[in-house]
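Trainee: Let us go through this model in questions and answers. Please show it before we start.

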Amino acid sequence: PLGSRGLGDVYKRQDMQDELRKNGGCTAAAVRSSCRKWAGGLGQVSDGRMPPKAMLVTDIGKMLLESLAGSHPSAELIHAKNNILVVDHLFVSDVVALHRTRPAAIVVQHGHPASHGLILARELEIPILCQVRDATRLIDPGTPLIVDADQSCVMVHPSSATNMQREFTELSPVVPGPEVAASMDIGGKTVRVTADVGSPATSTQAAASGADGIGLLRMESIYMQAGRALHVDEIIRRLADILAPMGDKPATVRLLDAGGDKPLPYVEDCSLNCRGVRLLARHPELLFPQLRALVKLSRDFGQLHVLVPMVTLSEDMRLVRAALERAARREGVAPPPLGAMVENPAAALMVGELWEWCEFIRIGSNDLTQYVMAASRANPAAGDYFQQTHPAVLKLIGMVCRSEHAGLIGLCGSLADQTDMVPQLLQLGIREFTVPPHSIRAIRRAVAEYG
Ligand code: PEP
Ligand code: MG
């Protein structure tokens with residue numbers, strides 16, 4: 001799998017054979033020590049932080065161990081409910097284990113809030129603190145902890161008085177802020193606040209928070225959970241469970257965005273150069289079941305929209321448009337609206353060409369920032385450069401908003417979730433903010449204040 005993910009230069013057959021000999025033929029031990037050696041050879045940034053390529057090798061090693069053992073190694077990290085997971089890094093493959101054994105909170109020593117592992121874990125509504133210096137060195141297994149993600153603090157060995165106070169606060173009813181009317185008009189265009197969801201629980205929470213719909217349902221949430229390719233009926237069942245709490249409100253489902261730092265263990269060639277729609281184009285066995293499922297679902301969920309991840313060329317959209325139309329013809333229904341995710345500079349600069357193939361555009365601020373600023377979202381060492389509010393990022397967002405169908409541009413990613421940026425983003429022309437369910441009310445209030 002290393003070769004197929006563009007890491008062929010890292011893999012040394014001889015190393016693996018030497019380790020196998022040293023470990024008496026034990027494959028798991030050979031995989032563990034070879035991957036450790038290869039990742040170590042890719043350097044350490046500082047404080048034990050790993051460069052992204054080393055993280056990828058480590059994660060792939062973990063997945064290999066998982067398939068060898070027939071279980072997920074990260075599951076060993078989480079012994080029981082109400083435990084708090086303290087880790088160096090949170091890998092995408094760890095999230096699979098989190099689905100099964102939900103820890104009460106996660107403390108991550110390294111890792112950027114916009115990294116995929118953290119985004120997917122947050123979708124599970126698990127409180128997470130990241131970039132907690134020396135966490136794994138200072139916190140011994142079994143140490144009593146309180147994690148307050150709102151205040152960004154970890155209390156180690158809290159006193160019984162603190163414990164009681166916390167329990168009391170948790171039991172006290174939450175007083176919600178003043179309600180704000182649903183969609184609002186600004187400059188003659190409706191502004192919508194929609195939810196970023198990945199499970200029936202988050203969708204239920206979004207509905208209760210008054211979201212205008214689902215703005216982003218990442219197909220990878222269900223694929224990661226399943227750990228294998230899915231059949232049409234399974235995709236329908238899993239998506240329907242997430243869509244149902246929102247009733248007949250609009251919902252945008254994004255096709256599988258795998259590749260790069262979101263590898264799928266059962267798909268070869270998951271390199272960065274083969275991410276999102278590029279991977280789907282090479283794997284029709286992944287693309288077609290998703291499109292067929294979405295077309296069938298559009299019968300029950302009338303306002304279903306289909307979003308294409310990591311679009312670069314208009315050719316990417318032409319290919320998906322043709323496949324969607326074929327799937328719709330086969331089911332005898334009209335194809336649901338198709339959108340392009342603009343999350344790299346080429347797509348932003350050439351958005352006019354993408355409009356020929358789609359009905360709506362969503363900007364993904366996490367990836368757009370990473371590619372505009374040349375700063376990996378997974379590597380805290382580049383944190384100073386990963387600036388979602390940098391004028392270069394905002395300039396491209398403005399350019400996309402001024403493209404021909406102004407008023408149909410939505411924003412996803414962590415930039416959409418910054419209340420203080422709402423006025424500037426509205427001025428640029430953003431008309432839909434897609435945020436986690438717990439932020440719906442705050443963003444709506446910020447929009448109302450601007451209006
Ligand atoms: C983004 O890139 O901003 C985005 C929403 O997509 P993801 O975080 O899933 O890559
Ligand atoms: Mg993205």
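Mentor: Buried means under 20% relative accessible area, exposed over 50% and partly exposed in between (1.4 Å probe, protein chains only). This is a predicted model: local features need pLDDT of at least 70, side-chain atom pairs count only at pLDDT 80 or more, and totals for chains, interfaces and linings use all residues. Residues are numbered from 1 along each chain as its sequence is written, and side-chain values use heavy atoms, with hydrogens and water left out.

Trainee: Is C401 buried or exposed?

Mentor: Its relative accessibility is 3%. The cut-off is under 20%. So C401 counts as buried.

Trainee: How many disulfides are there?

Mentor: A disulfide is a pair of cysteine sulfur atoms within 2.5 Å. C412 is buried, at 1% relative accessible area. By the sulfur rule, the count of disulfides is zero.

Trainee: How many salt bridges does the whole structure hold?

Mentor: A salt bridge needs a side-chain nitrogen of Lys or Arg within 4 Å of a carboxyl oxygen of Asp or Glu. A search of the whole structure gives 19.

Definitions and conventions
Chains lettered and ligands numbered in written order.
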